[in-house]
Amino acid sequence: MVRRINVTGAGGLRLAAWEYGDPPKRGADSIAARERSGAGPAGGPPGTRPQDRPGVLLLHGLMGRASHWATTARWLSARSRAIALDQRGHGRSDKPGDGPYDRDAYVADAEAVIEQLDLAPVVLVGHSMGALTAWQLAARRPDLVRGLVICDMRASALGAASQREWEEWFRSWPVPFATLADVRKWFGEDDPILERPRPARGEFYAEVMAERADGWRPVFSRPQMLRARETWVHDAHWEELAHVQCPALVIRGIDGELGRAEAQEMVRVLPRGVYAELEAGHLLHLEDPEAFHRAVEPFLKDVLTPK
C-alpha cells in the first residue's frame, strides 16, 4: 500500500510525499506506472501513525523520485513510518522555473516535511544528492534527526570539469525515446559512459520518463537539474559531516562514485560514523535491494530501537 501526502516545502512550494505500508498485491504497479496509465496513486484512507513507529524519511538522488525507494520503504514499514519524498524539481512535486534549487531550499524542504508529518526524531536515508541533503539537515537541526544513512555520495568538491561533463552528457541523450524499452536499453546498455551493462540503471531512467505527443521524455528539466547540481559540485562538505551528532552509516557501491578511501575518511570525520560497502554500482539500493537491506539492517535496528 502506498498513499500520497501533499506537503508544503520552503517558500510554499507544493511537494509530494509517499507513505508506504504493506507490500502491494500481485500485479500492483509502481507509482510511475500507475500515473502513466492514468490510474492514480494507490492506497486507502489516511491512517494515524502509531506512537511506537519511528519515522524514516527517504531522499532520492538527482533526477530520481520517491518510487525509487519503494522496495526499501516497504521493507522499512514493518517497524517504522516510511516516507519517501519527491524533492523539488522531481517526480510529482512542483518544478518552479525560477527555482530556487540551491542547498538551502532542499534542506528546508526536508525540514518542513519532517515537522509537518511529525516524524522527528527521524532516520534520514539519502542516496547521492539526497544523502547530501540528509547530512546537511542533520548538521543544522540535530534535534530532528536520530540516525543517518549516506548512500554513495562524496564529500569532496567535484569541480567545474565535472559540471561540464554533465552538460555534455545531457546533450547526448537521444530524446525523445520511442518506447520505454528504448529508454531501458540506452541508459542500461548503450550510453557511452557505461563501462558495462547496468540493467538497474535502465530501470531507474524508465521510472522518470513520461509519454508525450512525440515520445518519452524525462519528467524533470535537465537545465534545472544542472542548476541544482551547480550548487554543490564546487564545494567540499567535510565540515558539515563533522557537525553531525547522530549515528551515521556511510555505505558505498564498490563500482559506484564514492571511493573507499574517501568513504572511510567520511566515517572518520563523522563523530559516530560506521562503514559498509556492497558489490554494486552507484544505484546500490536498486541493483541489489536485499543486499542493501542486509547491510543497513544492523544499523537501522540499533537506531530505531527505543533506548
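The structure is a predicted model, in which local features need pLDDT of at least 70 and side-chain atom pairs count only at pLDDT 80 or more, whereas totals for chains, interfaces and linings use all residues. Residues are numbered from 1 along each chain as its sequence is written, and side-chain values use heavy atoms, with hydrogens and water left out.

**Exercise 1. Work out which residues of α5 are buried, how they are arranged, and what covers them.**

Begin with the length of the helix, a helix here being a DSSP run of H or I with at least four residues, a strand a run of E with at least two, both numbered from the N terminus. Helix α5 covers residues 160-172, and its 13 residues should span 18 Å at 1.5 Å a residue, which agrees with the 19 Å between its end C-alpha atoms; the expected span is 1.5 Å times one less than the number of residues.

Next, list the buried positions, which are Ser162, Gln163, Trp166, Trp169 and Phe170. Viewed down the axis of α5, these buried residues fall within an arc of 120°, so they line one face of the helix; the arc is taken from the directions that run from the helix axis to the C-beta atoms. The general rule behind such a pattern is that an α-helix has 3.6 residues a turn, so residues three or four places apart point the same way.

Finally, find the cover, which includes α6 (180-190), α7 (199-206) and α8 (222-233). Helix α7 is itself mostly covered, with six of its eight residues buried, and among them are Arg201, Phe204 and Tyr205.

**Exercise 2. Trace the strands that pair with β2 and with β4, giving the sense of each pairing.**

Two strands count as paired if DSSP finds at least two bridges between them. Strand β1 (residues 2-8) pairs with β2 in the antiparallel sense over seven bridges, and Val2 has Tyr20 of β2 as its bridge partner. The hairpin of β1 and β2 has five residues between the strands, and in it Gly11 takes a positive phi near 70°.

From β2 (residues 14-20), go on to β4 (residues 81-86), which is joined to β2 by five bridges and runs antiparallel to it. Here Ala16 stands opposite Asp86 and Glu19 opposite Ile83. Strand β3 (residues 55-59) is also joined to β4 by five bridges, but in the parallel sense, with Val56 opposite Ala82.

To complete the picture, consider burial: six of the seven residues of β2 are buried, as are six of the six in β4. In a regular strand the side chains alternate between the two faces of the sheet. In β4 both faces are covered, with Arg81, Ile83 and Leu85 buried on one side and Ala82, Ala84 and Asp86 on the other.

**Exercise 3. Describe the nonpolar cores and the contacts of Ile150.**

A nonpolar core is a set of buried Ala, Val, Leu, Ile, Met, Phe, Trp, Tyr and Cys residues joined through side-chain atoms within 4.5 Å. The largest has 70 residues, of which Leu57, Met63, Trp135, Leu148, Ile150 and Trp173 touch the most other members. Helix α4 (residues 129-140) gives the most to this core, with eight residues. A second, separate core of 30 residues includes Leu76, Val125, Phe292 and Leu304.

For Ile150, set aside neighbours within four places in sequence; the residues in contact with Ile150 then include Trp135, Leu241, Val250 and Met266, contact meaning heavy atoms within 4.5 Å.

How values were computed:
Buried means under 20% relative accessible area, exposed over 50%, partly exposed in between (1.4 Å probe, protein chains only).
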